[in-house]
Structures are given as C-alpha cells and as structure tokens.
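I opened a new notebook page for this protein. My plan is to look things up one at a time and jot down what turns up.

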Amino acid sequence: MTRHGFTAIALALALAVLLVGCGDQSASRPATSARAAPEQATEDPEAAQTAPEFSLPLAGGGEVSLSDYEGKILVLDFWATNCAGCVEELPEFQEMYESWDHDKLECLGVSLDGSVGMVEAFLETRDDLTLPMAVGSPEMLEAYLGETWSIPAARVIGPEGTIAYEFGPGRSAAKVERAVAELLAEGESAEGG
C-alpha cells in the first residue's frame, strides 16, 4: 500500500469516528439556547429553543412524533448499538423510565443505527430494555444534534415544547435525571404559586 493510500484510509477512519462519535468526543453541538446542565441553568425562558418536530419509526412497529408528548417532559436519549458507552447506560435510562410518572414525563431512545431491523435485532438480545426506541432520521439528528455530533447525547424537552437541557458526551443518566427533577420541581412551583 502506498503512503497516500494509507493516509486516505486513516483520514476516512478519523472522519467516521467524528461522525459516529461515541465516547468523550467534543464535537457535540454547544448548548447555545438550552441549559447545558442543571448547575448552569439559563433562567431566561425566551432564550429557549423550540424543539423541532419529528416523526420516527419505532422498533416493534408504528411511528412516534414530538406531538405525541405534548404537555410532558420528554428525554431523548441518542445512542447506537456500536457505541459501548451508550449501550452501557441504557439500563440506567430504563430504570429511570420505569420509575417515572408517565402522565408527566417520558423517555425515547433515538438510535443512530439507521435501520429499525438493526435496533430490533439488538433489543431481541436485551429483555431488560422496554423503553420506547425509535430510529432517528438524518433530518431529525441534524435538527437536534447539529451538523457535527457525537454520542452518547441527550436532550430534555420541557412540557412547553422547548429544549431545556442539552447533554453531550460525558453526560450520564444521573445528570439527565437531575435535570428532569429540576423541571418537575419548576412545574410544581408554577402550579402551586
């Protein structure tokens, strides 16, 4: 193999890693209008970005759209079957999902695998995972993650339909759960006040 051929292959592999992400890559879209973490919450509700509408195929059949979650807090967990960090955290998202009041909040796994069949084959080996899983379209992924992104990533959409928190690589289910708890507390304060 020539030196140029090796360089081309190395560049292609590096580009693939950047596009797929997985791990502690820093190519995720910065949280410009949403809250990056509960500790860095933006108190300006007018700065919040409206969550882009989506319609995605669900593993197991059917479709899901953002409007299905109107009035609820929605956690979007972006993952892929070939991302070890993503797969490792799925049971933690499952545990949160099982403990939540589904009248107030929901979780949707959004796979970057590109194929419902691939996600279904993965889920057949994982009886412990029952939270809804969809396959993200390129348009939806760009709308939520930007042109360059990395996984694992999560977005927390508030009941008013705005992106309240954006989490990129290094996020954890525990951080997402704290963000959800903060949004629930804000909702309870608004109802009581």
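Which residue in strand 5 is the bridge partner of Ile73? I looked it up, and the partner is Leu105.

**Ground rules.** I'm working with a predicted model, where local features need pLDDT of at least 70 and side-chain atom pairs count only at pLDDT 80 or more, while totals for chains, interfaces and linings use all residues. Residues are numbered from 1 along each chain as its sequence is written, and side-chain values use heavy atoms, with hydrogens and water left out.

**Overview.** I found five helices and eight strands in the protein. These are DSSP runs numbered from the N terminus, with helices (H or I) of at least four residues and strands (E) of at least two. Going along from the N terminus, I read the elements as α-β-β-β-β-α-β-α-β-α-β-β-α.

Next I traced an open sheet of six strands, with mixed pairing and the order 1-8-7-4-5-6. Its edge strands are strand 1 (49–50) and strand 6, each pairing on one side only. Two strands pair here if DSSP finds at least two bridges between them.

**Strand 5.** I went back to strand 5, residues 105–111, and found seven of its seven residues buried. Leu105, Cys107, Gly109 and Ser111 point one way, Glu106, Leu108 and Val110 the other. Strand 4 (residues 73–79) runs parallel to strand 5, and seven bridges join the two. Between them the chain passes through helix 2 (residues 84–99), making a right-handed β-α-β crossover. Right-handed means that, with the strands pointing away from the viewer, the path from the first strand over the helix to the second runs clockwise.

Strand 6 also pairs with strand 5 in the parallel sense, over three bridges. Two of the partner pairs I noted are Gly109 with Met133 and Ser111 with Val135.

**Leu108.** Is Leu108 buried or exposed? Its relative accessibility is 0%, so Leu108 counts as buried. Leaving aside neighbours within four places in sequence, its contacts include Phe54, Leu58, Val64, Tyr69, Leu76 and Met133. Val64 is 44 residues away from Leu108 in sequence, yet their C-alpha atoms are 9.3 Å apart in space.

**Helix 3.** Here I found Val119, Phe122 and Leu123 buried. At the start of helix 3, a side-chain oxygen of Ser115 comes to within 3.2 Å of the backbone nitrogen of Gly117.

**Arg126.** I then moved to the loop between helix 3 (116–124) and strand 6 (133–135), where Arg126 sits. Arg126 counts as buried because its relative accessibility is 18%. Its side chain makes a polar contact with the side chain of Asp128 at 3.0 Å. By polar contact I mean a pair of N or O atoms within 3.5 Å; within protein, one must be able to donate a hydrogen and the other to accept it, and residues adjacent in sequence count only if both atoms are side-chain atoms. Not counting residues up to four places away in sequence, Arg126 touches Val87 and Pro91.

**Strands 7 and 8.** Strand 8 (residues 162–167) has six of its six residues buried. It pairs antiparallel with strand 7 over four bridges, and antiparallel with strand 1 over two. Ile163 in strand 8 stands opposite Ile157 and also opposite Gln49. Strands 7 and 8 form a hairpin with four residues between them, and Gly161 in the turn has a positive phi of about 90°.

**Last check.** Most peptide bonds are trans. The one from Ile151 to Pro152 is cis, with omega near 5°. I placed Pro152 in the loop between helix 4 (138–145) and strand 7 (153–157).

Conventions: Buried < 20%, exposed > 50% of the residue type's maximum accessible area, 1.4 Å probe, protein only. Contact = heavy atoms within 4.5 Å.
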